[in-house]
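Reader: Hey, I'm new to this one. Can you walk me through what we're looking at?

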Amino acid sequence: MSQHRLVIGAGPVGRHVAALLVDRGDRVTVGTRSGRDTGLHGVEHVALDAADPEALSRAAEHVAVLYNCANPGDYTQWERTWPPLAASMLTAAERAGAVYAVTGNLYPYGPVTGPMHAGLPDAATDHKGVLRARLWADALAAHRAGRVRAVEVRGSDYLGPGIGPNGHVTRVLPAALRGEPVTMIGRTDLPHTFTDVLDVARTLVAAADDDTALGRTWIVPSNPPRSQRQALTDVLAAAGHAPVRVRSLPGGALRALGLVSPMLRELADLRYQWTAPYVVDDTETRDRFDLEPTPWDEVCRRTVDGVTA
């Protein structure tokens, strides 16, 4: 039977979630500040401030699942924007009796030795990782108290359409497609997991549908790790382009540039992600939901299409 589902955010994950849901026959509403039309056939749109719990609760009334696919645009303002936004979504899901399905990331783990998996503790010490860990801890506490049913899925750095400057490969891809040399953060020769946004959406939908999967985090199935240089080279090959020169921006230079660039200052706190292998172990998720990642060649083609469309 079709159910009403509310997706907050119309970025690449939110759009993919909405498309998956409407394709299978659910009633789907996408909520954004502007209420802009996503262009997805059969999807309803609503303009609202998701950080306003009253407005969001009205929009979420009677929904079966509230999907948190928000991504506050200003990376430097997370400490200001995320807490009220997450608290509002948690409140709205509780009032509606809805499953609260969260799009997370790997920041809460902090620096690790070895592959990241859902059994690791959230041990971040940088302020962004601590913030994301706290937001999930709040949702998990509400779940354990019986106030809401919550789940979070965590992917690595995104590939796929619609990522743009928010992705480490797609940030430099337009210049690389012109044949220009590019600069990537940290070591460019280390194994690094990249996650397709479609696979994030598929995992989020699957986890929210399974009552026995709630109350914990799940790692999004992702392709075997590639270095940043190899990932960029593979995406260029999908477009019929030759490799380009890839320069490395070391951690010291990143910190120095952070003195004048707020964005780079934020990234400097996360430099551990590019100074050692940064990979995931998604075996449990694959086995639980019978999910496999989108084939790598297709991921690369989708990424190019998202930039050149």
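Reader: What share of the contacts in the chain with a separation of 6 or more comes from residues 24 or more positions apart?

Author: Those residues account for 73% of such contacts, where contact means heavy atoms within 4.5 Å. Before we go on, this is a predicted model, where local features need pLDDT of at least 70 and side-chain atom pairs count only at pLDDT 80 or more, while totals for chains, interfaces and linings use all residues. Residues are numbered from 1 along each chain as its sequence is written, and side-chain values use heavy atoms, with hydrogens and water left out.

Reader: OK. How many helices and strands are there in the chain?

Author: The chain has eleven helices and eleven strands. Both are DSSP runs numbered from the N terminus: helices are H or I with at least four residues, strands are E with at least two.

Reader: And how compact is the chain?

Author: It is as compact as a globular protein of that length, because its radius of gyration is 19 Å, close to the 19 Å that the globule rule gives for 309 residues. The radius is taken over C-alpha atoms, and the rule is 2.2 Å times the number of residues to the power 0.38. Along its principal axes, the C-alpha trace spans about 55 × 40 × 40 Å.

Reader: How much of it counts as buried?

Author: Of the 309 residues, 52% are buried. Buried means under 20% relative accessible area, exposed means over 50%, and partly exposed is in between (1.4 Å probe, protein chains only). The accessible surface of the chain is about 13200 Å², and carbon and sulfur atoms hold 52% of that surface. Accessible areas come from the Shrake-Rupley method with a 1.4 Å probe, and for residues only the protein chains shown count as cover.

Reader: Let's talk helices. At what angle do H7 and H11 pack?

Author: H7 (residues 228-238) and H11 (residues 296-308) pack at about 75°, and their axes are 8 Å apart. That makes H7 roughly perpendicular to H11. Axes here are lines fitted to C-alpha atoms, for helices over the stretch in contact, and angles run from 0 to 180 degrees between N-to-C directions. Under 35 degrees counts as roughly parallel, over 145 as roughly antiparallel, 65 to 115 as roughly perpendicular, and the rest as oblique.

Reader: Which residues meet there?

Author: From H7 you have Ala-231, Asp-234, Val-235 and Ala-238, and they meet Trp-296, Cys-300, Arg-301, Thr-303 and Val-304 in H11. The residues of that contact divide into six nonpolar, one polar and two charged. Ala, Val, Leu, Ile, Met, Phe, Trp, Tyr, Cys and Pro count as nonpolar, Asp, Glu, Lys and Arg as charged, and the others, Gly among them, as polar.

Reader: Switching topic: is Ser-156 buried or exposed?

Author: Ser-156 is buried, at a relative accessible area of 6%. You'll find Ser-156 in the loop between strand E6 (149-155) and strand E7 (157-159).

Reader: What does Ser-156 touch?

Author: Leaving out residues up to four places away in sequence, Ser-156 touches Leu-106, His-192, Thr-193, Thr-195 and Tyr-278.

Reader: Where's His-45, then?

Author: His-45 sits in strand E3 (residues 43-47). His-45 counts as partly exposed, with 24% relative accessibility. Apart from neighbours within four places in sequence, His-45 is in contact with Val-30, Gly-35, Arg-36, Asp-37 and Thr-38.

Reader: How far apart are His-45 and Ala-238 in space?

Author: They are 34 Å apart, C-alpha to C-alpha, and 193 residues apart in sequence. Ala-238 is one of the H7 residues that meet H11.

Reader: What about the backbone: what is the phi of His-62?

Author: His-62 has a positive phi of about 75°, although it is not a glycine. His-62 lies in the loop between helix H2 (53-60) and strand E4 (65-68), and is exposed at 68% relative accessibility. Asp-290 also isn't a glycine and has a positive phi of about 55°. Asp-290 is in the loop between helix H10 (283-289) and H11, and is exposed at 69% relative accessibility.

Reader: Last one: which residues does Arg-255 touch?

Author: Arg-255 touches Ala-268 and Arg-271, not counting residues up to four places away in sequence. Arg-255 lies in helix H8 (residues 251-257) and is partly exposed, with a relative accessible area of 43%.
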